[in-house]
Amino acid sequence: MTQDQLKQAVARAAIEYIKPKLFNDAIIGVGTGSTANFFIDYLGEIKNQFAGAVASSDASAARLKKLGIDVLDCNSVSELVVYVDGADESNAYLHLIKGGGAALTREKIVRAVSKEFVCIADESKWVDVLGKFPLPVEVIPMARSYVARELVKLGGTPVYRDGVVTDNGNVILDVYNLQIIDPVGLETRVNQITGVVTNGLFAVQAADVLLLGTKEGVKTLFPS
Ligand code: 5RP
């Protein structure tokens, strides 16, 4: 099976997983990236079973609208029934690294508003220790150099993601060479650096369930 086929399989599994949770007025959270895109496409098939979605990026919002799915402003919603999104890495606690697609801040907001976070990923994303994938950090442009120096002090090697501006008008530093033994501690520490909007660790609020696409089939994993 190719990586894309594994992504399609978990996107399909996510549809089956969320179906029993949907009702007429339900609003769901929808993420960003190639796995989330497969999910959005399948979501079109059941669009009459819920009221609408809050998207974690302008790109996902456009894809949802194209399928005739209502996209709502997050401020008009008190709770999302469920949030479905991909990840760049997951460990056994379902602590994640996200933000490969630069949508980490809106993803964190959608996650915070959601009752349940269903992560969908192919098996290449499964790791023992987070950090091989560089940790994305969204930064206010004026603070870029200062934040980079602070990240070096934490042992990382930050690299400016050239030419990328987030949907919020900010820049991304990708931090290499981190062996993230304490994801909750590092997430909290990095977010304390002045000028950081947020970082791509989802450990303080991890995923609730991971649908992991493997060659043996989709595994449903809960935090250990
Ligand atoms: C976007 C994300 C994505 O979920 C993550 O990068 C995974 O992407 P893909 O499904 O394309 O592998 O966090 O900011």
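Predicted model: local features only at pLDDT ≥ 70, side-chain atom pairs only at ≥ 80, totals over all residues.
1. The buried positions in helix 1 are Leu6, Lys7, Val10, Ala11, Ala14, Ile15 and Ile18. A lysine, Lys7, is on that list. Helix 1 itself covers residues 3–18, 16 residues in total. From first C-alpha to last it reaches 23 Å, close to the 22 Å expected.

2. Arg12 also sits in helix 1. Is Arg12 buried or partly exposed? Its relative accessible area is 33%, so it counts as partly exposed. Setting aside residues up to four places away in sequence, Arg12 touches Tyr42 and Glu45. Arg12 and Ile40 are 28 residues apart in sequence, yet their C-alpha atoms are 9.9 Å apart in space.

3. Helix 2 is largely enclosed by the rest of the structure, because seven of its 10 residues are buried. Those residues are Thr35, Ala36, Phe38, Phe39, Ile40, Tyr42 and Leu43. Their cover includes helix 1, strand 1, helix 3, strand 3 and strand 6.

4. The largest nonpolar core has 28 residues. Ile18, Ile28, Val30, Phe39, Leu43, Phe50 and Leu64 touch the most other members. At least two residues each come from helix 1, strand 1, helix 2, strand 2 (52–55), helix 3 (58–66), strand 6 and strand 12. In soluble globular proteins, nonpolar side chains tend to be buried together.

5. Which residues does Leu64 contact, leaving aside its neighbours within four places in sequence? They are Val30, Ile40, Leu43, Ala53, Ala55, Ile69 and Val71. Val30 and Leu43 are also listed with Leu64 among the core residues that touch the most other members.

6. Next, the largest pocket. It holds about 210 Å³ of space. Of its 16 lining residues, Thr32, Gly33, Ser34, Ala87 and Asp88 are the closest to the centre. Helix 2 gives the largest share of the lining, three residues. What classes of residue make up the lining? Eight are polar, six are charged and two are nonpolar.

7. His95 lies in the loop between strand 4 (89–90) and strand 5 (96–97). Its relative accessibility is 13%, so this loop histidine counts as buried. Beyond its neighbours within four places in sequence, His95 is in contact with Glu89, Ser90, Leu130, Pro183, Val184, Phe202, Ala203 and Ala206.

8. Ala102 has phi near 70 degrees, a positive value in a residue other than glycine. It is found in the loop between strand 5 and helix 4 (104–113). Asn177 has a positive phi of about 65 degrees and is not a glycine either. Its place is the loop between strand 9 (171–176) and helix 6 (183–191).

9. Asn177 is exposed, because its 59% relative accessibility is over 50%.

Conventions: Residues numbered from 1 in each chain as written. Heavy atoms only, no water. Helix = DSSP H or I, 4+ residues; strand = E, 2+ residues; numbered from the N terminus. Expected span 1.5 Å × (residues − 1). Buried < 20%, exposed > 50% of the residue type's maximum accessible area, 1.4 Å probe, protein only. 1 Å grid on protein atoms, 1.4 Å probe; cavity = no way out; pocket = protein on both sides within 12 Å on 5 of 7 lines; lining within 4 Å. Points joined across faces, edges and corners; volume = space filled by probe spheres on them. Nonpolar A, V, L, I, M, F, W, Y, C, P; charged D, E, K, R; others polar. Core = buried A, V, L, I, M, F, W, Y, C linked by side-chain atoms within 4.5 Å. Contact = heavy atoms within 4.5 Å.
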